[in-house]
Structure formats: C-alpha cells, structure tokens
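Please look through the sequence and the model shown here. The paragraphs after them go from the whole chain to single contacts.

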Amino acid sequence: MNNYFYSIIFVLSATFSLYSQTYNILVVQPKGSDYKKIELGLRSELNKTISIKSMVSKSETEITGSLNTDSPDLVVLMGIETIKAWKKIQQKNQNRYQIPSIMIDNEFSGINLTDISNSCSITYETKLKQYVNRFVHHTGKNPLNIGIVYSQKCSNLIQSYQSEASELGVNLHAKSVVISDPENSIKTIVNNFIEHYKVDFMIILDDNDVINNQNINTIWVSLLTPLKFPVAVPSDYFFEIEPRIGSFSIQPFYKEIGRVVASVINEASSNNWVIKQKSIYTDKSIFYYRNENGSISKKNQIENPIAVVYYPKTISTPVEEAVIAQHTPEPEVSSEALQQVASTLMNETN
C-alpha cells in the first residue's frame, strides 16, 4: 500500500516538474537601441516557460564562455558581425555547439548561412515597394522616375531594388556617393536627378557614408529644402525640424520584429527545439510623415495580415506566404489539482 502511494506521489511530482520546467535562450547583440527594441518585443511575447539571458558582444571568446556557463536551448544573434562570430564558433566546434539559432539582421551580405544547421534567418530591410506605396499615399499618383543616393556599402540592397523596380514598372536611378569627396559628389548626384533624370521622388538610404551629422547641415539641408517632390530620408535625421528636410521616412518596427522572433522561438520550443522555418522576411514598419506645419505624425504598419514570408526546410520553392501562429503554452498544473488527483487515486485503491 505504502509503496503504491509513494509511486503515485513520484509520478505526480514528475508531472508537476514537467509542466514547470523552464528553458533558457541566449540573446547576443551589438550595442544599439534598435537591437534593444527587438529584444523588448521578443520578451513581450515569449512563453513564460522560457527565460532569457542577454549579452552585448561580438567576441567569439565571450559568446563561447556564455555557452559553456549557461548551456542555452537556443541562441538568438543580432547583427552581421555577431552572426559571423557565431558561424566561426560552430565551425570550430561542430560536435559541441549544434545549438538551434535565430539570426537577425537588416541585410545578410558577405556571409553564407546555408551551412548553419537548425537555424532561421530573419531579415527586415525596407522594400522598394514600401517606398512606392508611401509615395502613392502621399501624392495620389504613381512615380515614374526614382532616384536613390547610396554608397557601396549598400550595393547588395541596390541590386534588390533594381529587380523590384522592373516588377513595379518604375525607372530606378541609383547613384553612389564618392566617399573621398562626398560634398561635390552628392551635389552632382542631386543635380543630375533633377535636371537630367527628371525624378519625381528621391530616396536617401540609411547609410552613414551618405548622410551623417557632419554633412546634414553643410550639404543635405541646402539641397533638400528647395525640392518640390517627396524625399524619403532616414528616420534618425527626420526630426531635424529647423531647417526641415524630407517628406517622409520608413523605419523598421523593431518591437514587432521582436514579436516575430518570439513566435519562431515558441514554435521551436514546442517542437523539441527543431526550427522549421529557414528564412523569414517581415515588413513591419513605422511610417513618419512631415505635416505642412512641420510637425511629425507616424503610423504603424501592423494591419498587414501576412506577418512573414518563409521557406520551410522541406520545400525550396515556391515561396510560401504565411502567418507564424503563436504557440499556445501548455496549461499550468496547480499543486491543488495534483493533490485532488492524488486523493482520487487513494480513494480508488481503498
């Protein structure tokens, strides 16, 4: 009788431990408020059974040390340099560090992610279509000629925009700033856009070599303030109220991106930490508008029913569009419920 009773208690204790078991993930990110916003969104939607340790680092040694100390069930890596460090760690310790991973960056370039097993890459770069849609919303007409100012750092993004331009039926004129002579090259580019290409819309990419605190007042203000057509500028400089530059700005909605990351983690935890998605793109963005009086309004793009586009591991083509379903946590089992079950079983044995 006693042995049977203790067997029941053991089974119930094991069940309670199963439901109360916690998992842990490691979040590795560079310095920057954008990454912290992603982390905040991630934390807001993560299952309660998953705990987070966050560290700011790009160092292989520091990341490896945390892996050894914390033994995470999954690793989240933000920023291309951090992701490169993670890839080196896996290459050096293939048998030891086969940990599921989620890699987040605005644009993956110069790195091959296909050889990282049980992983998911999440990108959130602003598409050309989003700029075009905002132009149409702003002016009520479709753009014909679009000018983009960039540097060679964004050459991969420009190639993507060129492909989009063909599909959208717009003429894209992309001009790269000469870093050794930014002032003259920027003035030449803007003049060519106006006089030769007759652009009706201009985009200045978020590239520190193109637009920064040093040249915002000496170059860009004098060039942009007289323009009569819409200009999209990086959000960091959109709040330059006096003098005013730019008509609107598009910024990734970082907290929403974090929630997309959380949905992938929740799904992985319910699948024994196997990640089903291979590549995800999310278009969640914040749109800033400059009003006629100089004030700024914003609108969050959260009404789009398609949250992400992903490639399931078992299918390479075609691309499937789907909303990642939020994983519903297992119901918590209270101690009172366990006691009630134990009492019922005891009565049956008697």
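Predicted model: local features only at pLDDT ≥ 70, side-chain atom pairs only at ≥ 80, totals over all residues.

Residues are numbered from 1 along each chain as its sequence is written, and side-chain values use heavy atoms, with hydrogens and water left out.

The protein chain holds ten helices and 15 strands; these are DSSP runs numbered from the N terminus, helices being H or I with at least four residues and strands E with at least two. Of its 350 residues, 46% are buried, where buried means under 20% relative accessible area, exposed over 50% and partly exposed in between, with a 1.4 Å probe and protein chains only. Contact means heavy atoms within 4.5 Å. Among contacts between residues at least 6 apart in sequence, 70% join residues at least 24 apart.

Two packed helices are described by the angle between their axes and the distance between the axes. Helix H5 (residues 128-139) and helix H6 (residues 155-168) have axes that come within 9 Å and cross at roughly 50°. Axes are lines fitted to C-alpha atoms, for helices over the stretch in contact, with angles from 0 to 180 degrees between N-to-C directions. H5 contributes Leu 128, Lys 129, Tyr 131 and Val 132 to the contact, and H6 contributes Tyr 161, Glu 164, Ala 165 and Leu 168.

Turning to the cysteines, Cys 120 is buried at 0% relative accessibility, and Cys 154 is buried at 11%. The whole structure has zero disulfides, a disulfide being a pair of cysteine sulfur atoms within 2.5 Å.

Six aromatic pairs are found in the whole structure. Rings of Phe, Tyr and Trp (its six-membered ring) pair if their centres lie within 6.5 Å; planes under 30 degrees apart count as stacked, over 60 as edge-to-face and the rest as tilted. Tyr 124 and Tyr 254 have ring centres 6.0 Å apart and planes at 80°, so this pair is edge-to-face. Tyr 124 lies in the loop between strand S5 (119-123) and H5, and Tyr 254 in helix H9 (residues 254-270), so the pair ties together parts 130 residues apart in sequence. Both Tyr 124 and Tyr 254 are buried. Ring pairs also link Phe 135, Phe 201 and Phe 248 into a cluster.
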